[in-house]
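Trainee: I am new to this structure and would like a close look at one part of it. Could you walk me through the protein surface that faces the DNA?

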Amino acid sequence: MKKAFILIDCNNFYASCEKVFQPKLKNKPVVVLSNNDGCIVARSNEAKALGIRMGQPYFECMDIIKKKSVSVFSSNYTLYADMSSRVMNILELFSPMVEIYSIDEAFINYEFDSPEKVNEYALKIKKTVEKWTGLSITVGIGDTKTLSKAASYIAKKNDLYKGILSLSFRDDIDEFLKKIPVYEIWGVGRQYSKHLFNHGIENACSLKYADESWVKKTMTVCGLKTALELKGISCISLSDTITAKKTIISSRSFGKPVEKLDDLRESVAMYVSNASEKLRKQSSIASIISVFINTNRFKDEPQYSNYSSSSLQVPTSYTPDLIKCANNILEKIYREGYKYKKAGVMLSGIVPKDQIQLNLFVPLFDSEKKIRIMKTVDCLNKKYGNNTVFTGSCGIKKEWQMRRDLKSKNYTTDWDDIPVIKLP
DNA sequence: TCTGGGGTCCTAGGACCC
DNA sequence: TCTGGGGTCCTAGGACCC
């Protein structure tokens, strides 16, 4: 028996989610935009073929989008999160060892005694997910996580593999690795690939055989782990438990430039509400809060950005207290006369709510009343939708709010948006 | 007009302690 | 000719991921 890592990766995830609910878009180019309708964050295969790049600003590719009638969507995270959990639930039927790695990827551990069994297993997963969700996936298999990623990369590049490739039980792995440029290796980004290239290491195979001590010296232990994983030595294990976040960030670009402190205050209160809701969801409290604001770096106008943090006397997850603290920070860093583009809030010093550092002089816990209020607010928002109940300081009109002009419906989570099927 | 958001881990260097 | 040494903790910054 041999343990293998199996990477399941949804193809063009956001774009595919949109296509599932609009069958007429089959074989048509589709793109999905980032928050604020800023950049391209997902492209269907047809859109990729038109040369639209990942991360490209929307306005830059407006021409080709119009000319080729590309369908454009604002990002609809409610829909994508729900589709993602459908996929993950299916995977859990196939193995008790599933690590949800991102919204559209998961690693599975499974043991096999032959290459035929590997392919049989992969094909079954692929067919089930595609039939039950309408989303297509790629399955990459290898003796380590990094090799499963490599397999998935090759499978996506070449239709020959029909979305499944295993590098387990093979002695010609190097032939595959030679076809992977260093910057496509999992764990090697822009900086390291430049560095490797300068030293004549141009593909995954040459990194595999590079001098280990040199790799460690110039790319830290992370780089060394990557090199070892390419050799088939597993250094990055599967973690199938959800660990609590150590930092929680909430931030957004504004739909239009913001100049007034009052508007910034509203937005920051909103971000604190989001962040502290996430904090309570993982049953934690935070002891440090930071606020940052900045102007639009792409514009030729006076620039200003700043950030400051403050420690809370009593670690908490109580939104109003956190908003108060954030407000003080904001007033400290705000300067008049600038056009602000973005603001954000970060919570850190996060610990489980029942694990507080003892302190002799201040009361330690949030009062029972505060805890009950937050619980009620969270319940109402869960039942009746986000922001059904919110703190007054978040504002009502929210003129600063991000743009999402092209959002699709919440087909799977909202009774009013459920698709209607018309029979002929 | 228009350029995303949310995370993790590692290291170097400084402060501080005995 | 001459400096103590070893350890921990914290932070900022840099790398990476999706």
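Mentor: Let's start with the elements that build the surface near DNA strand B: helix H10 (212-230), strand S9 (248-258) and strand S12 (340-348) each supply at least two of its residues. Here helices (H or I, at least four residues) and strands (E, at least two) are DSSP runs, numbered from the N terminus. S9 gives the most, with six residues.

A word on what you are looking at: this is a predicted model, in which local features need pLDDT of at least 70 and side-chain atom pairs count only at pLDDT 80 or more, while totals for chains, interfaces and linings use all residues. Residues are numbered from 1 along each chain as its sequence is written, chains are lettered from A and ligands numbered from 1 in the order in which they are written, and side-chain values use heavy atoms, with hydrogens and water left out.

In total, 23 residues surround DNA strand B, and the closest are Ile249, Ser251, Ser253, Lys299 and Lys341. A residue is near a strand if one of its heavy atoms lies within 4 Å of it. By class, this surface has eight nonpolar, eight polar and seven charged residues. Ala, Val, Leu, Ile, Met, Phe, Trp, Tyr, Cys and Pro count as nonpolar, Asp, Glu, Lys and Arg as charged, and the others, Gly among them, as polar.

Now look at the DNA side. Of the atoms of DNA strand B within 4 Å of the protein, 76% belong to sugar or phosphate, and the rest to bases. For Ser34, a polar side-chain atom lies 2.8 Å from a sugar or linking oxygen of DNA strand B.

Sugar and phosphate make up 100% of the DNA strand C atoms that come within 4 Å of the protein.

Notes
A polar contact is a pair of N or O atoms within 3.5 Å; within protein, one must be able to donate a hydrogen and the other to accept it, and residues adjacent in sequence count only if both atoms are side-chain atoms.
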